[in-house]
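Good morning, and thank you for coming. Please look at the sequence and the model as I bring them up.

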Amino acid sequence: MGQTPAQLESVCVFCGSSDAADPGLLTDAATLGRDLAATNLLLIYGGGGVGLMGACAVAAHEAGGRVLGVIPHFLKERERRLDVVETIVVSSMHERKQIMFERSDAFVVLPGGIGTLEEVVELLSWRRLDLHAKPVVFYNPDGFWEPLFQLFQHTVDQRLTPASFMESWTSVDRIEAVIPALKGVADCGAATSPTTAGMT
């Protein structure tokens, strides 16, 4: 379980589900969806049609890409399940995250709220425990994720987290850099520094 995927075929995208998000972020999410379709990468996401996740999934689908949604039954209405893409309906959030993790070769973290934070902290915690070595790329426009990275560094500074943890992900500040960063990590078999990869 702790091995890096031999081949990059599927990418899970964690991101916000709010339609009130900055229009620029919605545009970026759609760009990523089209880029995933163009590179024949299966998009795995939370199954809804709202916010950044909806923008990403709709754009991937409309560009001819493969899309798999995973959504709990109780969120089908609230997050407006996308019926035009293949969707697995599950009974709980835990089951949703487990399926998304198991079926994904890599992960992209777009801007999001508390739900996205919960997902990515669990993902990185599993990385810290050597339960996986799958690439993780943050899209970090205008330093969106810097407060989180600083919190991680604080736990390192307090000797509560090993310094090597800070190499568990890559951060890029251009949406077009996300897929090259994913492929670069997968090709080399290890994550690169969050402060150097794909930055302008």
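The lining of the largest cavity consists of Phe14, Lys97, Met100, Phe101, Phe107, Glu119, Glu122, Leu123 and Trp126. A cavity here is a set of points, on a 1 Å grid over the protein atoms alone, where a 1.4 Å probe fits but cannot get out, and lining residues have an atom within 4 Å of a point. Two elements, α3 and α4 (114-128), each give two or more residues to this lining, and α4 gives the most, with 4 residues. Helices are DSSP runs of H or I with at least four residues, strands are runs of E with at least two, and both are numbered from the N terminus.

This is a predicted model, in which local features need pLDDT of at least 70 and side-chain atom pairs count only at pLDDT 80 or more, while totals for chains, interfaces and linings use all residues. Residues are numbered from 1 along each chain as its sequence is written, and side-chain values use heavy atoms, leaving out hydrogens and water.

How much space lies in the largest cavity? About 80 Å³.

Let us turn to Ser104, which sits in the loop between α3 (93-103) and β5 (106-109). Is Ser104 buried or exposed? Ser104 counts as buried because its relative accessibility is 1%; buried means under 20% relative accessible area, with a 1.4 Å probe and protein chains only. A polar atom of the Ser104 side chain lies 2.6 Å from the backbone oxygen of Met100, and Met100 also belongs to the cavity lining.

Methods: Buried means under 20% relative accessible area, exposed over 50%, partly exposed in between (1.4 Å probe, protein chains only). A polar contact is a pair of N or O atoms within 3.5 Å; within protein, one must be able to donate a hydrogen and the other to accept it, and residues adjacent in sequence count only if both atoms are side-chain atoms. On a 1 Å grid over the protein atoms alone, a cavity is a set of points where a 1.4 Å probe fits but cannot get out, and a pocket is an open set with protein on both sides within 12 Å along at least five of seven lines; lining residues have an atom within 4 Å of a point. Grid points are joined across faces, edges and corners, and a volume is the space filled by probe spheres set on the points.
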